[in-house]
Amino acid sequence: MQEFDTIRPYSDEETGPAIQRLLNDQEFLDMVGRFKSPTLARWAPALLRFYTRRWLSGHFGHFTQVDDLQAGLSGYIGDLIESTTTRVTTSGVENLSKQGAYLFISNHRDIVFDPMVVNYLLFRNNLRTTRIAIGDNLLANRVFAEMMRLNKSFIVRRNMTSPREMRDAYITLSGFINHSVAKNENIWIAQREGRAKDGLDFTDPAIIKMFYMSCKKSGLSFAEAMNKLRIVPVSISYEYDPCDGDKARELETKARAGSYKKAEGEDTEQIMKGLTGFKGHVHVHFGAPITDAPENAKELATRIDREVHANYHLHASNLIAYEKRGLLFAHDSAQEVNGLEAIRDSVVTAGNWSAEDIQIARLEMEQRLEAGDPAIRPYLLDMYANPVQTALDANTRQNTPD
């Protein structure tokens with residue numbers, strides 16, 4: 001593993017010392033303290049820090065292996081998930097085996113909660129948790145970087161300027177992913193760089209090409225190398241996105257000004273908001289492993305997209321946003337507006353909601369729209385409505401004769 005030292009997660013040998021470093025880190029103790037007792041954190045931070053360290057040391061100070069640490073944290077993760085969702089459901093777990101490892105390629109909505117809920121569901125079904133791909137932009141916060149490497153996270157380098165530097169980094173990343181799966185370690189990676197802030201989930205073929213870069217000298221064909229990775233498309237859907245307003249504001253700023261510069265600590269703030277904010281119903285679908293991959297990256301990316309879209313669990317919030325977006329467009333143009341019932345009849349993955357469910361979703365969406373600046377409202381609607389459009393387009397393609 002030495003060739004991967006710059007990007008790999010902590011090993012079992014490094015787990016105990018890393019935990020001890022965190023237990024003596026004031027920033028980490030203050031962060032946990034604010035999470036557990038915001039009031040005491042404001043009025044007696046030193047006292048809270050003392051008791052937080054003692055509590056953490058008693059519960060986690062004895063762990064020396066990553067799997068044991070994750071098992072010890074599982075109850076707290078479960079409590080966090082339960083307190084921020086109305087329910088979490090899953091499908092497709094029967095597609096997975098305890099034998100061997102998989103490369104989970106997922107759509108991406110939230111920086112930390114996406115892989116966390118995937119790992120939680122795998123753990124609950126007695127399957128190995130994943131090594132998690134994270135962008136190096138998240139390393140700006142030293143405490144988060146330490147926590148993530150303890151939680152099986154590995155580093156994806158971004159914003160490289162030299163073609164040679166980019167090639168070498170991608171070969172190393174490709175080698176680490178292939179090495180991990182060969183050693184029975186599951187991998188989770190998003191289907192493209194960054195979150196899909198507009199709700200459009202499409203795989204970047206460049207990521208698929210990266211998987212093969214370290215295999216070219218082995219003599220394996222592209223399809224053979226991809227089959228060895230046992231790629232599992234994963235669909236994650238949130239009824240509500242805790243960061244929807246922030247994402248909409250970023251998209252509006254980019255559209256208006258041409259670019260968007262993150263403020264210092266913005267990633268950290270959105271990590272915390274994504275973890276602790278209300279999400280409603282969350283559904284995760286695990287697709288069947290791909291063992292008959294095509295011979296090029298573009299075709300494989302299209303196949304992954306087809307699986308992600310076909311199994312994306314639409315919520316009432318998505319349909320309400322789609323309806324509202326149609327009304328918004330119709331106000332400015334002659335575009336025909338599809339009624340809610342017509343949408344429901346056309347989308348095969350939509351659930352059967354009661355009139356009360358629809359009304360609650362409508363009120364919630366109206367509150368979210370009213371809470372933001374009028375300029376960002378179309379972008380907020382898009383992120384909820386676009387998955388419906390994607391499903392409608394996929395349904396049209398499926399029912400159109402060749």
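Student: How many bridges join strand β1 to β7, and do they run parallel or antiparallel?
Tutor: Six bridges join β1 (residues 85–91) to β7, and the two strands run parallel. This is a predicted model, where local features need pLDDT of at least 70, side-chain atom pairs count only at pLDDT 80 or more, and totals for chains, interfaces and linings use all residues. Residues are numbered from 1 along each chain as its sequence is written, and side-chain values use heavy atoms, leaving out hydrogens and water.

Student: Which residue is the bridge partner of Thr90 in β7?
Tutor: Val284. Strands here are DSSP runs of E with at least two residues, helices are H or I runs of at least four, and both are numbered from the N terminus. Two strands pair if DSSP finds at least two bridges between them.

Student: What about β6 and β7, parallel or antiparallel?
Tutor: Antiparallel, over five bridges, with β6 covering residues 231–238. Val234 stands opposite Phe286 in β7.

Student: Is β7 buried or exposed?
Tutor: Seven of the seven residues of β7 (residues 280–286) are buried, so the strand is largely enclosed by the rest of the structure. Buried means under 20% relative accessible area, exposed is over 50%, and partly exposed is in between, using a 1.4 Å probe and protein chains only.

Student: What order do the strands of the sheet take?
Tutor: β1-β7-β6-β2-β5-β3-β4, seven strands in an open sheet with mixed pairing. The edge strands are β1 and β4 (153–156), each pairing on one side only. From one strand to the next, the twist averages 25°.

Student: Which strands does helix α9 touch?
Tutor: α9 (residues 205–213) packs on the sheet against β2 (103–106) and β5 (186–190), and its direction makes about 150° with that of β5. Contact means heavy atoms within 4.5 Å. Angles run from 0 to 180 degrees between N-to-C directions, and axes are lines fitted to C-alpha atoms, for helices over the stretch in contact.

Student: Where is Phe211, and what does it touch?
Tutor: Phe211 sits in α9 and is buried, at 0% relative accessible area. Leaving out residues up to four places away in sequence, its contacts include Leu103, Ile105, Ile189 and Met226.

Student: Switching to helix pairs, at what angle do α1 and α7 cross?
Tutor: Roughly 150°, with the axes of α1 (residues 12–23) and α7 (residues 142–150) coming within 10 Å. The two are therefore roughly antiparallel; over 145 degrees counts as that, under 35 as roughly parallel, 65 to 115 as roughly perpendicular and the rest as oblique.

Student: Which residues make the contact?
Tutor: Thr15, Ala18, Ile19, Arg21 and Leu22 of α1, with Val143, Glu146, Met147 and Leu150 of α7. By class, that is six nonpolar, one polar and two charged residues. Nonpolar covers Ala, Val, Leu, Ile, Met, Phe, Trp, Tyr, Cys and Pro, charged covers Asp, Glu, Lys and Arg, and the others, Gly among them, are polar.

Student: How far apart are the axes of α4 and α5?
Tutor: 10 Å, with α4 (residues 45–60) and α5 (residues 66–84) packing at about 125°. They are therefore oblique to each other. Trp55, His59 and Phe60 of α4 meet Leu69, Gly72, Leu73 and Tyr76 of α5, a contact with five nonpolar, two polar and no charged residues.
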